[in-house]
Amino acid sequence: MSRIGKQPIAVPSGVTMSAAGGVFKVKGPKGELTVPYNQELTIKQDGDQLLVERPSDQQRHRALHGLTRTLVANAVKGVSDGYTINLELKGVGFRAKLAGKNLELTIGYSHPVIIEPPAGVTFTVPEPTKIDVSGIDKQLVGQVAANVRKVRKPDAYHGKGVRFAGEKIALKAGKAGATGGKGKK
């Protein structure tokens, strides 16, 4: 058995779901999600738990077993709790603010960069140098956060740019001549 696939998924109260025809639908206090899955697998509800089962021990079924269980668990957690990814801005004069629902970044370019969130994703700016990307779809939240980071990745020499909260950037050493090394006399 797959170690991940055989784990039961706890279903919080207030979450309803149905699995039929290769589509798993889940509805909770935060919203509603649908997850497509292979029809050869079965998703069964056992009280307040979900179980994903595979028909055989073929390699393809074993691979789909863990994947399907993880996608279903992410959907259940998303509609009950939601997902948030925190980003930080590092650099002199780098700041973020909300313009309606859009995120406006001032990050060293000659113009502000405006990012419009897709449906189901919201931006919050608790401080001018911190951005929170929130939503119920884990994949979509992660992709939007990666797109925001891509606008100005942290550079290798100074570490300036947009980074994930807690992300460590390995800085390169500068040129030896710039640090006061031996020069012409």
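Let's start with charge: the mean positions of the 29 positive and 15 negative charges of the protein lie 13 Å apart. Here Lys and Arg count as positive and Asp and Glu as negative, with His and the chain ends not counted, and each charge is placed at NZ of Lys, CZ of Arg, CG of Asp or CD of Glu. This is a predicted model, where local features need pLDDT of at least 70, side-chain atom pairs count only at pLDDT 80 or more, and totals for chains, interfaces and linings use all residues. Residues are numbered from 1 along each chain as its sequence is written, and side-chain values use heavy atoms, with hydrogens and water left out.

**Overall fold and shape**

- The protein has two helices and 13 strands, taken as DSSP runs numbered from the N terminus (helices: H or I, at least four residues; strands: E, at least two).
- With a radius of gyration of 23 Å, well over the 16 Å that the globule rule gives for 185 residues, the protein is more spread out than a compact globule; the radius is taken over C-alpha atoms, and the rule is 2.2 Å times the number of residues to the power 0.38.
- Along the principal axes, the C-alpha atoms fill a box of roughly 80 × 40 × 25 Å.

**Surface and contacts**

- Of the 185 residues, 34% are buried (under 20% relative accessible area; exposed is over 50%, partly exposed in between; 1.4 Å probe, protein chains only).
- The accessible surface comes to about 11400 Å², and carbon and sulfur atoms own 52% of that (Shrake-Rupley method, 1.4 Å probe).
- Among contacts (heavy atoms within 4.5 Å) with a separation of 6 or more, 49% are between residues 24 or more positions apart.

**Annotated domain**

- An unreviewed UniProt entry carries the annotation "domain: Large ribosomal subunit protein uL6 alpha-beta" for residues 11-82 and 91-163; such annotations may be inferred rather than shown by experiment.
- Residues 11-82 are 31% helix and 35% strand, with end C-alpha atoms 14 Å apart.
- Residues 91-163 are 19% helix and 40% strand, with end C-alpha atoms 11 Å apart.

**Two residues to look at**

- Met17 sits in strand β2 (residues 16-20) and is buried, at a relative accessible area of 17%.
- Leaving aside residues up to four places away in sequence, Met17 touches Val11, Phe24, Lys25, Val26, Gln45 and Leu50.
- Gln45 is 28 residues from Met17 along the chain, and their C-alpha atoms are separated by 9.0 Å.
- Gly174 lies in the segment after β13 (161-164) and counts as exposed, at 53% relative accessibility.
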